[in-house]
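Here is a short briefing for a first look at this structure. Keep the sequence and the 3D view open while you read.

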Amino acid sequence: MKFSRLILANLFRKKVRLALTLGSFAVALFLFAFLGVVKDAFGRGADVAGADRLVIINRTSIINTIPLSYRDKILKIPGVTYITHDNWFGGVYRDEKNFFPQFVIDPQNQRQVFPELIVPDDQWNAFLKDRQGAIAGAATAEKYHWKIGERIPIKTTLYGGGSWEFNLVGIYHGKDPKDDETQFWFQWDYFEEKVPDRLKGQIGWYTLRVASVDDAVPVAKSIDDQFANSPNETKTQTESAFAASWVKQFGNISFLILAIGSVVFFTLLLVTGNTMAIAVRERTGELAVLKAIGFSDLAVLLFVLGESMVISLVGGLMGLGLAYAMIPVLARALNGLLPALVLAKSVLILGLVTALLVGFISGLLPGIGAMRMRVVTALRRV
């Protein structure tokens, strides 16, 4: 801080170069934050999955159904406390672009299996009494400006096609900001009475809770053993494993984001390092004079590192500030094509640490060169 005015004066000597370097930092840090948010969004299912929950799907594929008759048999297995079932609906709201996940749920057991998704009691009771009732996540309700009491038309090409009408009787919220608030639920009974006969009594997957986390593995094995060699064999996984396998269908998201992030980091390092190298070369004579009048080698090194760190700090804050403002806008523009985008504090902190690390590394080599510079040689070069 003692020499902050000298550092700032050197920075503003080349205003265009400073602006371009800060802009590079800002864009890179915005991209860094966005990639971090996308990675977090795809991995969120595994992160927030209940440790005591298991998911049962058809062993062939999740596209294949499982008989509803399996439910009572599964409940008899020791360690199983609650079980519910779901079907994927796959409809759109008025227009093809208005997509959000819709699930046919078992209203009798939904709240026992997913207690983190909260519906007020009066709204849940209204849902149980209305066969055409529906409950929407808070994010989806806010996006389409839905209010309780509205009539919601959902078009689907599955289950005989056509438009299905629902009464919005409730809105659920997640206990945690990372909980999925984009879903749309409606009742199994309404679904069952409208689908073709060949689909009646068939569910997409089961989700169950076990009495103890320690019961998860033996219960999963017991379920799969019970239905082995049947026409509809099962595959039982922990909820986190199921969420992770679902993400893998999109490809290796983590590797892709890591690769892009590494390129961003390396490019930013080159840009900032080149800027500092040019700045030191232009001020060879001035740095030599500073050493001649008594400044130590360490002080000269700190001058150069100080300039580099200020650039990285300001540029990083600009980029992260841009991400903080723009990611909610991008989330709305993507219109459900990606999971909900949430900019976590951990992403901001990691971004700022990365920016400072780039600033330190990019200023270190030019700073060491300036520190080792001999006064006589430098002045002769000038």
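The side chains of Asp 225 and Lys 221 form a salt bridge, 2.9 Å from N to O. Both residues sit in helix α8, four residues apart, or about one turn of the helix. The model is predicted. The points below start from this pair and move on to the rest of the chain.

**More on the pair in α8**

- Asp 225 has a relative accessible area of 45%, so Asp 225 is partly exposed.
- Lys 221 counts as exposed, because its relative accessibility is 54% and the cut-off for exposed is over 50%.
- Side chains of opposite charge can pair when their charged atoms come close.

**Other salt bridges**

- How many salt bridges does the structure hold? There are eight.
- Arg 53 forms a salt bridge with Glu 239, and their closest N and O atoms are 2.9 Å apart.
- This pair links distant parts of the chain: Arg 53 belongs to strand β1 (residues 53-58), Glu 239 to helix α9 (residues 239-248), and 186 residues separate them.
- Are Arg 53 and Glu 239 buried or exposed? Both are buried.
- Arg 53 and Glu 239 also belong to a network of salt bridges that includes Glu 116.
- Asp 224 forms a salt bridge with Arg 59, with the closest N and O atoms 3.9 Å apart.
- Asp 224 lies in helix α8 (residues 216-226) and Arg 59 in the loop between β1 and β2 (66-67), so this bridge ties together parts that are 165 residues apart in sequence.
- Asp 224 counts as buried, because its relative accessibility is 15%.
- Arg 59 counts as partly exposed, because its relative accessibility is 44%.

**Strand β1 and its partners**

- Why is β1 described as largely enclosed by the rest of the structure? Six of its six residues are buried, so the rest of the structure largely encloses β1.
- Strand β1 runs antiparallel to strand β11 (residues 205-210), and four bridges join the two.
- Ile 56 has Tyr 206 as its bridge partner in β11.
- Strand β1 also runs antiparallel to strand β12 (residues 234-238), this time with five bridges.
- Val 55 has Gln 237 as its bridge partner in β12.
- In a regular strand the side chains alternate between the two faces of the sheet.

**Nonpolar cores**

- The largest nonpolar core has 42 residues.
- Which of its members touch the most other members? They are Ile 74, Trp 146, Phe 184, Phe 186 and Leu 208.
- A second, separate core has 35 residues, including Ala 41, Ile 311, Ile 327 and Ala 355.

- Thr 21 lies in helix α2 (residues 15-48).
- Thr 21 is buried, because its relative accessible area is 3%.
- Leaving out neighbours within four places in sequence, Thr 21 is in contact with Thr 275 and Ile 311.
- Leu 168 is found in strand β8 (residues 163-174).
- Leu 168 counts as buried, because its relative accessibility is 1%.
- Not counting residues up to four places away in sequence, Leu 168 touches several residues, among them Ala 134, Trp 146, Ile 148 and Ile 152.
- Leu 168 and Phe 127 are 41 residues apart in sequence, and their C-alpha atoms are 8.5 Å apart in space.

**A nonpolar patch on the surface**

- Leu 313, Val 314, Leu 317 and Met 318 form a nonpolar patch on the surface.
- Together they have about 320 Å² of accessible area.
- Leu 317 lies in helix α12 (residues 297-334).
- Leu 317 counts as partly exposed, because its relative accessibility is 47%.

**The chain as a whole**

- The protein chain has 14 helices and 12 strands.
- Of its 382 residues, 45% count as buried.
- Among contacts between residues at least 6 apart in sequence, 79% join residues at least 24 apart.
- The chain exposes about 19,800 Å², and carbon and sulfur atoms supply 62% of that area.

Definitions and conventions. Residues numbered from 1 in each chain as written. Predicted model: local features only at pLDDT ≥ 70, side-chain atom pairs only at ≥ 80, totals over all residues. Heavy atoms only, no water. Patch = residues over 30% accessible without salt bridge, like charges linked within 9 Å, V, L, I, M, F, W, Y side chains within 5 Å. Areas by Shrake-Rupley, 256 points an atom, 1.4 Å probe, with all protein chains shown as cover. Salt bridge = Lys/Arg side-chain N within 4 Å of Asp/Glu carboxyl O. Buried < 20%, exposed > 50% of the residue type's maximum accessible area, 1.4 Å probe, protein only. Core = buried A, V, L, I, M, F, W, Y, C linked by side-chain atoms within 4.5 Å. Pairing = 2+ DSSP bridges. Contact = heavy atoms within 4.5 Å.
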